[in-house]
Each structure stands twice: as C-alpha cells, then as structure tokens.
Number of protein chains: 2
Amino acid sequence: MTAALDYAVQNADVFVDQLKDFLRIPSISTDSVYDADTRRAADWIADDLRSIGIPTVEVMETDGHPIVYAEMGDDPGKPTVLVYGHYDVQPPDPLELWDSPPFEPVEKDGIIYARGACDDKGQVLMHVKATEAYLKTTGELPVNLKFIIEGEEESGSVHLVPFIEQNRELLAADVVMISDTSLFADGVPSITYGLRGLAYVEVTLTGPERDLHSGVYGGGIENPVNALCKMIADLHDENHRVTIEGFYDPVRELSDEEREGFRALPFDEEAWLEEAGAPATKTEAGFSTLEGISARPTLDVNGMWGGYTGEGAKTVLPSQANAKISCRLVPDQMPDDITEKLRRHFEKHVPETMTLDFKDLHGGHAAIVDTKSPAMKAAATAMEAVFGRTPYFTREGGSIPVVADFKRILGLDSVLMGFGLDSDAIHSPNEHFGIDRFHQGIEASIRFLDAYSRQ
Amino acid sequence: MTAALDYAVQNADVFVDQLKDFLRIPSISTDSVYDADTRRAADWIADDLRSIGIPTVEVMETDGHPIVYAEMGDDPGKPTVLVYGHYDVQPPDPLELWDSPPFEPVEKDGIIYARGACDDKGQVLMHVKATEAYLKTTGELPVNLKFIIEGEEESGSVHLVPFIEQNRELLAADVVMISDTSLFADGVPSITYGLRGLAYVEVTLTGPERDLHSGVYGGGIENPVNALCKMIADLHDENHRVTIEGFYDPVRELSDEEREGFRALPFDEEAWLEEAGAPATKTEAGFSTLEGISARPTLDVNGMWGGYTGEGAKTVLPSQANAKISCRLVPDQMPDDITEKLRRHFEKHVPETMTLDFKDLHGGHAAIVDTKSPAMKAAATAMEAVFGRTPYFTREGGSIPVVADFKRILGLDSVLMGFGLDSDAIHSPNEHFGIDRFHQGIEASIRFLDAYSRQ
C-alpha cells in the first residue's frame with residue numbers, strides 16, 4: 001500500500017490533468033442533443049481503465065446511454081468490491097450565471113470549476129486513480145475489483161436496473177463502493193449511512209385550448225396558472241407538512257438514538273445558510289434543519305411555467321400551466337406508492353374547468369445501511385487515516401436510488417464514502433471540486449481497499 | 001357618399017392586398033429586437049395616408065416608437081373627428097401553435113390570418129380606406145379629419161399620454177373614433193360604451209441566491225416557487241373574489257338598468273365557450289358570465305416561471321419565482337391605486353425567508369361613455385345601415401386606456417365602433433380578421449362621417 005500511496009502523491013498533477021480532460025466532455029444525459037458527447041464520456045473512462053492495466057473493460061450497450069463495466073481478479077480468498085459511479089452530468093442551465101464555461105474546467109485557488117467536477121466525474125475518477133496506483137506499483141490489487149459506471153444517473157438511471165437484473169453474476173460482489181456524496185464539512189470526515197429517495201412528476205393543467213386575451217375572457221374563464229398555484233399551495237399545511245393523503249404513513253420515525261446523533265453533529269446553521277445563499281431556514285414543524293434536509297420527506301416544485309414569460313407585458317389568459325414537482329422520500333416510503341398518491345391527489349383536486357395531464361418522470365428508493373458492517377469499518381479506518389479524526393456517520397438528503405437497487409437485486413450494501421461539500425454547487429452554476437479533496441479521495445480509496453482486504 | 005361607397009366596393013380587392021402588405025411588417029413594439037420593423041410599419045401607414053391625398057402627414061418622434069399624425073380640413077362649419085388606432089402588434093408567441101407564419105398573411109375561406117389582422121392593423125386601415133374613398137371620388141371629406149396612429153398600444157402606450165399632453169391644440173376635435181373592439185357577434189352590430197382598465201405588474205420572489213440541489217437543501221430552505229404559488233393562490237377567495245385589501249372599494253356597482261341590458265343581449269354561452277375552447281365558465285359569485293368578462297374587475301396570472309423548465313427532470317430548488325399578474329379594472333378603480341394595493345398586499349405577505357421585487361409594468365383607466373351623444377347616434381345610424389339592424393350598446397372586457405386619456409386630457413368622448421369578433425384570436429396564435437368585416441368597417445366609416453356631419 002505504501003508504494004501505491006507514494007505513486008498517488010507523485011502523480012497528483014497528472015491525475016488532475018486527466019480529470020480536466022474528462023470534464024471537457026458535455027455528457028448531459030437528460031438532453032438528447034448531447035447524446036454523442038455522453039457516449040464520448042463513456043469511451044473516455046473505458047479507455048482510461050484499459051490504460052491503467054485493467055484486463056476486462058467493456059462499454060456495454062443499453063437502450064439508452066451505455067454502461068462501462070470493468071473487472072480485475074477472481075481470487076476466492078479476497079473480497080470483491082464493486083465500485084459504482086456515473087459519467088453523466090446535470091444540465092448546466094442557467095448558463096449566464098456561470099463565471100466560466102461549464103465544460104472548460106478552470107483551476108483557481110486549488111479548486112476546479114466545471115459541471116461534473118464533484119458530481120460525479122471527480123469522485124468516480126478517484127477510485128480509478130487509486131486502482132492505477134496499485135497496478136502501476138505492485139501490479140496487483142488487495143481485493144477483486146469491479147467497476148460499473150453508468151451514464152444516466154442524472155436522468156433517472158432508467159436502464160441501470162434492467163442491466164443489474166440481467167447481469168447478476170457479472171456484478172456479484174461483497175460490497176458496493178460509491179463516492180457520490182459529501183463530507184460533513186471540509187476536513188470533517190463522514191460516511192453516509194442514509195439517503196433519501198425520490199418521486200418526480202410533471203403536471204400540466206389545461207384550461208382553454210389556446211391562450212386567450214385576458215381582457216376579453218378574464219372573469220369568465222378560469223386561469224390554469226392561478227389554478228395550478230392553488231393546487232400547489234394546498235400541498236403544504238401551515239406546519240410545512242405535506243398534505244397528500246397517506247404521504248407520511250410509511251415513514252419510519254427517527255429513533256431517539258438517531259435524533260441524538262443529529263444533535264451531536266457539528267452543524268453550523270449560520271454557515272450553512274451562508275453557503276446556501278439564503279436568509280433563513282424553513283423546516284417541517286418539530287424537526288431540526290439537519291433532520292429536515294436528510295431524514296424527513298419533502299415536496300418541492302423544481303420548475304414551473306405557463307403563459308407569457310418574455311420581455312414586457314402580454315395580456316394573455318394562458319391555456320396551460322406546467323410544474324415539475326418532486327418529493328424526497330425517506331424509509332419506508334416507496335416511490336411508486338408516493339407517485340400514485342400524488343396522482344390521486346391531483347386528480348381529486350383538478351378544477352372542473354380544466355383537464356390534468358400527470359406524468360411520472362422517475363423515482364428512486366430511499367436507503368439506510370448498517371454502520372457496523374466490515375466494509376463500513378474499513379471505510380471508517382481509511383477516513384480516519386486520511387483526516388486524522390474519527391468520521392461521523394450521517395444521513396444525506398439527496399437520492400442515489402441505485403443503493404436500494406443494489407440491495408434489492410444483488411443483496412449488497414453500499415459504502416457511501418463521498419468527498420463533496422454541500423457548497424460545491426452540484427446541480428447549480430459554478431459547480432466545483434477541491435483538488436485537495438480529489439487527492440484525499442484517492443488516498444482514502446487506496447486505504448479502503450487495503451483495510452477491507454484485511455477484515 | 002354614394003360615390004365613396006361605390007369606390008370602396010370597386011377597390012375591395014386592392015384594399016385587401018394593401019392590408020396584407022401592412023401585416024407583413026412584424027411591428028412587435030414590446031420587443032426591442034423588432035424596433036426597426038416597428039418603425040417600418042409607421043412609415044408604411046404614413047406613406048399610405050400621403051398617397052390617398054391627405055395634405056399633412058407626419059411621423060412624429062417620441063422617446064419610444066413614433067406616432068403617425070395626419071390631418072385634412074379646418075372648416076369651422078364642420079365637426080372634427082380624430083381617428084385613433086395603432087400600428088404595433090402583440091408578440092406572436094407561442095410560434096409553434098400557428099398554422100401559418102404570423103407575418104405571412106394567408107387568406108382562407110374569406111379570412112385573413114396574420115398577427116395584427118384584427119388588432120389593430122385591419123381596423124385602423126378601414127378608416128384610411130374610407131377616407132380614400134371620399135378623396136378619390138368627391139375630393140373632399142364631410143368632416144375635418146385627423147389621424148393619430150401610435151406604435152406602443154401593445155406595450156402600454158407609455159409615450160402617448162405625454163404626446164397628447166404636448167399636442168392639445170393639434171389634436172383638438174369633437175370626438176374620437178376608435179375601431180379596436182368587437183362586434184357583439186358576427187352580423188350583430190354593437191357599439192361599445194364601456195371598457196375595462198388595467199393594472200399590470202411583475203413580481204419576483206428570491207429565496208436562495210442560486211438554484212440549489214433539492215436533495216441537499218430540500219426540507220431546510222423554503223422554495224420560492226412553492227411560496228409564490230401560495231401568494232397567488234391567496235389572491236382569490238372561495239367566491240372567486242379578489243382578496244386584496246380595498247380592491248373593490250372604488251368599484252361603481254352595476255345599475256339595475258345595466259344588468260337588465262346585459263340580460264337582454266343575445267349571448268349564447270355554449271357557443272362562447274366553444275369559441276374560447278374551454279370546458280366551463282368560472283365567474284365571481286353573484287354575476288353572470290357577461291358581467292364577469294366586461295363589467296367586473298379580475299386578477300389573472302399572465303405568465304409565470306421559475307426553476308428548471310427544460311426537457312426531463314432536474315432536481316433543483318429554484319432560486320427565484322416570477323409572475324406577471326394583471327388586474328382588469330372597472331370604473332372607478334384607478335390603475336395606480338390598484339397597483340399600490342397589489343404592492344402592499346405582496347409586501348405584506350412575502351415570506352421572511354425571501355425578498356420581493358415588485359415592478360409596475362403598466363396601467364390604464366377603465367372608461368364609460370355616454371350612449372346618447374351626437375357621435376354615438378351617428379355611429380348607430382351607420383351600423384344600422386350596414387347591418388340592417390339596430391346595434392346593441394355593450395361593454396367590453398379589454399382595455400383601451402387611451403379612451404380615458406382622451407377624456408382626461410382633451411375632454412373628448414370616444415366612439416368605439418369595432419369590427420372584431422371575440423373568436424378572432426387576437427393576442428393568440430392564428431389571429432385573423434374576416435374580409436367581410438373589413439369591408440363592413442370601411443362602409444360603416446364612410447357612413448359615419450356622413451351621418452356625423454349632419455348631426
């Protein structure tokens with residue numbers, strides 16, 4: 001392991017240059033305009049895996065973007081680690097708020113700015129470079145290692161589940177390693193043991209067939225934007241709780257021990273608000289901010305549009321109003337069940353002057369993993385060595401639905417060892433990743449593989 | 001007059017071709033991209049006025065789009081008519097819903113399809129062609145005639161009021177003639193005696209400084225789109241009345257006689273709904289649909305946007321939510337007063353987690369004119385001759401703020417003799433104007449000038 005660690009230090013700058021190359025590819029999976037670029041990103045990471053000496057690397061086709069699979073070793077005396085990551089990225093909109101172009105990585109004060117720097121190109125590359133460090137020095141790995149790197153994480157991973165189902169044997173392992181989450185704070189190591197799920201829908205309310213003149217028709221025809229506002233307003237009560245019937249029924253309540261854990265975390269609410277650029281918090285009554293953002297379900301409008309949105313004043317009574325709405329879910333809320341409850345709620349409340357179109361865009365299961373497993377202990381050992389302090393076990397508010405999928409289909413727990421920061425602006429303009437964290441991640445990956453092989 | 005009427009019949013096709021030329025100019029006053037085109041429309045109508053023999057025609061500069069002024073005659077023995085119209089048009093969005101390009105006029109089954117066909121290029125041209133019919137036959141007009149044709153009606157007529165104020169003498173007249181309203185129904189003549197006013201604002205709610213990841217922050221940061229939905233939902237109560245404090249205070253209640261007049265109108269609600277393409281009406285409790293759309297104030301969202309509105313799912317918690325909101329006003333609601341009440345309402349209800357930006361986009365006064373004046377009688381005579389039946393006196397739901405401005409600044413009443421139909425899709429895709437109504441309007445204008453000169 002020492003040789004591998006040394007190699008990583010010696011090649012630190014090379015690794016950063018490689019990350020920049022990877023970041024230059026606009027692999028926006030949700031927008032078909034970028035299909036060729038998305039494939040180019042798959043080829044890039046596959047080529048890199050080949051170049052470091054992994055014997056089996058394949059770009060495997062799906063009905064959507066391809067999945068990169070790689071493997072090395074089948075020693076029955078060693079545990080098998082399956083590293084999961086994704087090479088696709090979020091759309092960069094709104095473009096005008098970026099200080100530099102999203103796909104032209106800029107390095108400033110030890111930070112790389114680019115779409116995907118943290119989510120997830122930077123983090124998946126840490127494991128590839130850790131592997132390289134072993135292979136280029138000792139020529140072998142302390143574990144049997146597999147990679148599954150998909151290209152649809154930001155568009156719902158629609159083809160990943162069938163792929164896992166069809167490739168159970170290929171993907172057989174002892175644990176999944178995922179770096180797509182955050183440190184609790186810069187320099188404060190943490191390992192994520194809980195994730196929220198997601199139910200994401202789009203609703204369209206249609207009133208009149210066409211946009212009407214608001215003077216000629218206003219006062220006689222109900223306005224779908226006003227009506228959708230009412231429907232959305234009614235989705236929360238005065239305690240900021242979601243009003244959808246049965247929404248909270250499946251929620252596994254937080255134990256006293258868990259709530260104690262939340263209180264023990266070194267959470268600086270003022271600093272967090274400053275990072276978020278928001279003047280005040282707002283959380284479901286009865287819960288702390290940390291609980292609200294990671295262990296309680298939510299409902300947010302992610303986008304809304306209707307009528308005239310250009311410059312100046314246009315006096316239309318719009319024909320349609322649209323909203324993208326998503327719920328963050330916690331165990332044991334099931335995405336299909338919540339989507340169905342959302343559908344029933346909207347269908348029940350659609351005004352008689354309008355028609356409703358309800359689309360299920362995608363969903364993902366929430367997850368909680370055991371903090372006492374051998375792999376979690378190995379991860380804690382690795383993190384402690386890198387940071388010189390014991391890591392916290394935390395829950396995160398985001399969704400990595402594949403964690404639940406790996407559990408359900410392959411029976412595998414995931415180790416969520418992330419190096420992002422909440423302030424990295426993932427999914428926002430000026431996404432970035434600290435180069436120090438990129439290197440910490442490589443070191444942690446090297447140390448994890450070693451520690452896990454000894455458990 | 002007979003010669004003028006004959007001339008109009010003989011030149012019917014020429015007039016239509018000229019209208020098409022006028023319609024080809026995309027004079028979208030609200031969008032600065034079209035500034036040169038908007039000026040081109042001013043020049044087009046000025047050139048046409050010159051070509052028919054009007055001695056004084058000027059394209060007069062303002063701080064915005066120019067105003068076309070023309071005049072002929074100063075015989076103290078004749079009354080003076082000031083014809084008002086506008087050469088600018090609404091934006092054509094959404095473009096994809098047009099069956100033919102908005103600025104390439106298409107004639108189909110006796111109807112011209114193009115942006116501005118009805119509102120207002122077709123209707124203002126009727127008066128120019130009626131004038132031409134007199135000048136090319138008798139060489140003179142039965143009245144002193146002035147034209148004021150502006151280019152900012154669709155963007156709030158911001159420079160028209162100062163222009164009228166600075167040119168009181170130039171614009172001195174006995175009555176204003178405006179054709180920018182609708183017939184009660186095809187073949188059913190009507191003269192409009194009431195118009196609604198307008199107060200149009202834009203509000204922006206800002207929560208976090210940037211779009212945030214809805215997983216990382218959702219549940220701890222209030223969502224401005226959800227919050228704006230709540231604020232908008234609360235603008236109406238369960239009787240579909242506007243909840244803004246003092247909103248109804250200045251409203252002049254409908255007299256029993258007026259309500260009787262509304263009941264007497266041959267209004268086919270089913271046909272009206274079909275024209276609107278809507279499944280059902282929705283009106284303030286206690287009022288009929290006709291009253292709701294013309295004699296009662298309203299509040300409608302004209303456009304709303306926030307967050308991610310592209311293809312697919314993006315899990316953002318938006319930084320901002322925006323809405324364009326306008327109220328149709330009735331006498332004696334004053335636009336500035338209502339805008340101020342809207343501002344106070346929004347400022348009072350903005351959540352403490354957000355900041356509000358409130359913009360007054362524009363306003364216009366409601367108007368009611370005397371149905372028994374000489375000019376109104378002349379208009380009724382003209383309409384009866386053209387249609388073979390007595391016209392109704394009606395109120396319209398749209399706004400022509402200049403009617404109140406002419407009254408306030410010049411002391412002039414306006415005759416609102418419109419030839420549109422509610423189904424002409426003004427402000428919507430596939431705006432159109434019946435060629436028969438274009439010719440009826442020319443005939444009515446010829447007859448009005450004659451009848452008014454005899455009053």
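Two strands pair if DSSP finds at least two bridges between them. The exercises below apply this criterion and others to a predicted model.

**Exercise 1.** Determine how many bridges join β11(A) to strand β11 of chain B, and in which sense the strands run.

*Solution.* Step 1: count the bridges. There are five between β11(A) and strand β11 (residues 300–307) of chain B. Step 2: apply the criterion. At least two bridges are needed, and five are present, so the strands pair. Step 3: state the direction. The two strands run antiparallel. Gly303(A) has Gly307(B) as its bridge partner in β11(B).

**Exercise 2.** Describe the side of chain A that touches chain B: which elements give two or more residues to it?

*Solution.* In chain A, 83 residues are in contact with 82 residues of chain B. Step 2: list the elements. Those of chain A that give two or more residues are β10 (212–213), α6 (214–217), α7 (224–233), α10 (289–294), β11 (300–307), β12 (316–317), β13 (320–329) and β14 (355–364). Step 3: identify the largest share. β11(A) supplies it, with eight residues. Step 4: classify the residues. On this side of chain A, 29 are nonpolar, 36 polar and 18 charged.

**Exercise 3.** Find what rotation superposes chain A on chain B.

*Solution.* Two copies of a chain are related by a rotation about an axis and a shift along it. Step 2: read the values. The rotation is 180 degrees and the shift along its axis is 0.1 Å, with an RMSD of 0.1 Å. Step 3: draw the conclusion. The two copies are therefore related as by a two-fold rotation axis. Step 4: consider the contact surface. The same surface serves both copies, since 99% of the contact residues of chain A recur in chain B.

**Exercise 4.** State in what order the three strands of the open sheet in chain B are arranged.

*Solution.* Step 1: the order is β4-β5-β18, with antiparallel pairing. Step 2: the edge strands are β4 (106–108) and β18 (432–434) of chain B, each pairing on one side only. Step 3: from one strand to the next, the twist averages 25 degrees. Step 4: strand β5 (residues 111–113) of chain B pairs with β18(B) over three bridges, and Tyr113(B) stands opposite His432(B) in β18(B).

Technical notes. Residues are numbered from 1 along each chain as its sequence is written. Chains are lettered from A and ligands numbered from 1 in the order in which they are written. This is a predicted model: local features need pLDDT of at least 70, side-chain atom pairs count only at pLDDT 80 or more; totals for chains, interfaces and linings use all residues. Two residues are in contact if their C-beta atoms, placed from the backbone, lie within 7 Å. Helices (H or I, at least four residues) and strands (E, at least two) are DSSP runs, numbered from the N terminus. Ala, Val, Leu, Ile, Met, Phe, Trp, Tyr, Cys and Pro count as nonpolar, Asp, Glu, Lys and Arg as charged, and the others, Gly among them, as polar. Axes are lines fitted to C-alpha atoms, for helices over the stretch in contact, and angles run from 0 to 180 degrees between N-to-C directions. Copies are superposed by least squares on the C-alpha atoms of residues with pLDDT of at least 70 in both.
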